[in-house]
2 protein chains.
Amino acid sequence: MKVAWIGTGRMGAAMAARLLSRGISLKIHNRTAAKAKPLITMGAEWADSPAIAARESSTVFTMVTGPAELREVVLGPRGVFEGLARGGILVDCTTSSPGLAAEIAARGEEMGIACLDAPVTGGDIGARDGTLSFMVGGEAATLDRVRPLLQIMGQTIVLQGPPGSGQHTKMVNQIIIAAGMVAMCEGLVYARAAGLDLARVLENVSHGAASSWSLTNYAPRILRGDFTTGFAVRHYLKDLRIALDEADRMNLCLPGLALAKQLYAAVAASGGQEDGTQSLVRLLARLSGRPWESTGPG
Amino acid sequence: MKVAWIGTGRMGAAMAARLLSRGISLKIHNRTAAKAKPLITMGAEWADSPAIAARESSTVFTMVTGPAELREVVLGPRGVFEGLARGGILVDCTTSSPGLAAEIAARGEEMGIACLDAPVTGGDIGARDGTLSFMVGGEAATLDRVRPLLQIMGQTIVLQGPPGSGQHTKMVNQIIIAAGMVAMCEGLVYARAAGLDLARVLENVSHGAASSWSLTNYAPRILRGDFTTGFAVRHYLKDLRIALDEADRMNLCLPGLALAKQLYAAVAASGGQEDGTQSLVRLLARLSGRPWESTGPG
C-alpha cells in the first residue's frame, strides 16, 4: 500500500514515524519543509505539494493545524484532490469541523475517493507509544481497508457514524477536557493558597473520585514548573472555537465550555499561545493575586 | 482497641461494616436509629448518645452530614467530648470545614484528646471495597495509632499537615470534581444533540485525554438512565459551599467552582436534592431544550 502523509507537526510526525518504523513507505509533505527532515532521515520521500504526494499513493493521511489548513491541503490548488486517483482513500486526522468533514466526503464521493474523518486523542505520549484513540466518521468498508495502518498508531478505533461523526466525537472529547482543565487548575491554586504540600495532595486526590488523565499527566508537570507543550494553547483554542460554533448551531447551553474558552483566550492574550494547556494554572493563580512562579514549585 | 462509630449513613455504614467484618467491636450511634439496624445485626452495640458511645471507647470515629452536625455530635450536649476520656482519639471522617477541624483539635488538646480530620474520597464503591483515600490533618503520632483501623477501610492514607489540612485537601478534591462534572455532562449533552451513539462515544473518549473517574463511574449510569445516588446533590452542594467559603476567605478567583455551585443549586431547586451528582446532565439537557428523558437512553 502506497501511503502519503501531509502534515508533520508534533502529532503528525510522531504518527508518521510509527508507520515508517513498521516498514511502510511514505511520501510526505509539510508547509514548513524543515519539520519533515527527521522523517526523511528515517526514509520518507519528500513531495513538493500535497497533490504530488497523493499522485503516487492509494491512501493519504492529513494531520494539519485546523479547518482552514485542511481545506487548503485537500481542496485547494495543488491539494490532495488534485493528485489522488479514483479508488483512493483520504484519512484526515486533523481536529477540524464536522461540517468540513462532510463537505470533503461529499466532494470525494463525486470523485470516487473514499474519505474518513479520524481525529485522535491520547496526546503526544499516545502518538509516540501508538496508543491513540481514533474517532472515525465515514463508511465501515473504508475503515476496514485502512484499519491495519491505524492499528500501528492507535489502540482504540471506533466507527462513530457518517462523515463528520469522528469530528463530533472529538468535540465531545475536547468539551470534557475543557472545564476539566479549569477544575484541575483551580484545585491546585486552592491547594497552594491553603498552604498544602502539592505533591502530598496529589498522592491523595489522584487515588479517588477526582482522578483523571489530565491530573495524572499535567499536575506533575505543573509541580515541576513545566509549562511547555504537551498541547499548545493556540491549538486548543482552535478546538474550543469549533466546539462552541457547533454547540451554538445546535442551540446548546454549555456554560463550562464557554468559561473554559474565555479563560484560554485570556491565557493567549497574555502571551501564552505556545505554552501547554496546563499553563491555565498560572492565569488562575494571577487572577487570585498569587502568581504561580513567585511562590516556588510547591 | 475499643472503637465507637458515630454516623451510619451510606458512607459511614459501609466503613463501619468493614471494621465489624474484621472483628473490631463497635459501639454505634446515629441520629436516625433505624439506619443503624444492619450494623447491629452484624454485631455492633447501640449507644443512646455520642457521649455514651465514647465513654467506653478509646477511639471514636465520626462520619456525619456536615459541619453543623459535626459540631453537635462532638462539642454539643451528650456529644463525644462529654464521654471520651483523656488519652482518647477522635477521627472525624466527615467532609467539613477546615476551621471547625482546627477548633475541635484545639478543644481536644485542652482535654487531652488527640484529634484527626480524615475525610475520604473514593465514593460508595470505595467504602464497600476498602479502597478509600484518607486525607489526614493532625499529628503523625496520632495517625500511627489509628493507621491499622484506617487500613481496613482505605488504600491511600496521607498525612497532609496540621489540623484542618485533611479538610483542605478534601476541598481540593471536590473542586477538581466540580467543574469536571460540568465538563462531562456537557460532553454528553453535545454528543446526544449531535446524534452520536453515546456508548460508542464512551469507547473512544474513555481511552484518551478525557478519561476520568467521573467518566468511568458516572457516564455508564447516565446512559442507563440511573440518576440515583452515588453521591447526593445536597451533600455535594454542602461541600461546594464550604469550598467557596474557604476560597472567598483566601480571596481566590475560582470561576469553574462558582459555576458548578450555581448549576448544582439549580439541580436542587428543581427537586433534585436527593439525586446523584450525575443528574446534572438532566439540567444541562433541559437548559438546551433537549430533555434527557424524552430522547431515550441513547
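**Exercise 1. Find where S96(B) sits, decide whether it is buried or exposed, and list its contacts.**

Step 1: S96(B) belongs to the loop between β5 (89–92) and α6 (98–111) of chain B. Helices here are DSSP runs of H or I with at least four residues, strands are runs of E with at least two, and both are numbered from the N terminus.

A quick word on the ground rules: this is a predicted model, where local features need pLDDT of at least 70 and side-chain atom pairs count only at pLDDT 80 or more, while totals for chains, interfaces and linings use all residues. Residues are numbered from 1 along each chain as its sequence is written, chains are lettered from A and ligands numbered from 1 in the order in which they are written, and side-chain values use heavy atoms, with hydrogens and water left out.

Step 2: S96(B) has 1% relative accessibility, so this residue counts as buried. The cut-offs are under 20% relative accessible area for buried, over 50% for exposed, and partly exposed in between (1.4 Å probe, protein chains only).

Step 3: Skip the neighbours within four places in sequence, and S96(B) is in contact with P67(B), L70(B), Q167(B), M171(B) and I242(B). Contact means heavy atoms within 4.5 Å.

**Exercise 2. Which residues does K27(A) meet in salt bridges, and where do they lie?**

Step 1: Start with the rule: a salt bridge is a side-chain nitrogen of Lys or Arg within 4 Å of a carboxyl oxygen of Asp or Glu. Over all chains that gives 24 salt bridges.

Step 2: K27(A) forms one with E45(A), where the closest N and O atoms are 2.9 Å apart. Since K27(A) is in strand β2 (residues 26–29) and E45(A) in strand β3 of chain A, the pair ties together parts that are 18 residues apart in sequence.

Step 3: K27(A) also meets E56(A), at 3.2 Å from N to O. That pair links distant parts of the chain, 29 residues apart, with E56(A) in the loop between α3 (50–55) and β4 (59–62) of chain A.

Step 4: K27(A) counts as buried at 14% relative accessibility, whereas E45(A) is partly exposed at 47% and E56(A) is partly exposed at 47%.

**Exercise 3. Classify the ring pairs W213(A)–Y218(A) and Y236(B)–Y264(B).**

Step 1: Rings of Phe, Tyr and Trp (its six-membered ring) pair if their centres lie within 6.5 Å; planes under 30 degrees apart are stacked, over 60 edge-to-face, and the rest tilted. The structure holds eight such aromatic pairs over all chains.

Step 2: For W213(A) and Y218(A), the centres are 5.8 Å apart and the planes are at 80°, so the pair is edge-to-face. Both W213(A) and Y218(A) are buried.

Step 3: Y236(B) and Y264(B) are edge-to-face as well, at 5.2 Å centre to centre and 90° between the planes. Y236(B) lies in helix α12 (residues 233–249) and Y264(B) in helix α13 of chain B, so this pair ties together parts 28 residues apart in sequence.

Step 4: Check burial: Y236(B) is at 1% relative accessibility and Y264(B) at 0%, so the latter counts as buried.

**Exercise 4. Describe the interface of chain A and chain B.**

Step 1: Count residues: 65 of chain A are in contact with 65 of chain B.

Step 2: The two chains bury about 5,100 Å² between them, 65% of it on carbon and sulfur atoms. Buried area is the accessible area (1.4 Å probe) that two parts lose on being put together, summed over both. I176(A), Y190(A) and N204(A) supply 15% of the area that chain A buries against chain B, more than any other three residues.

Step 3: Between chain A and chain B the salt bridge count is zero.
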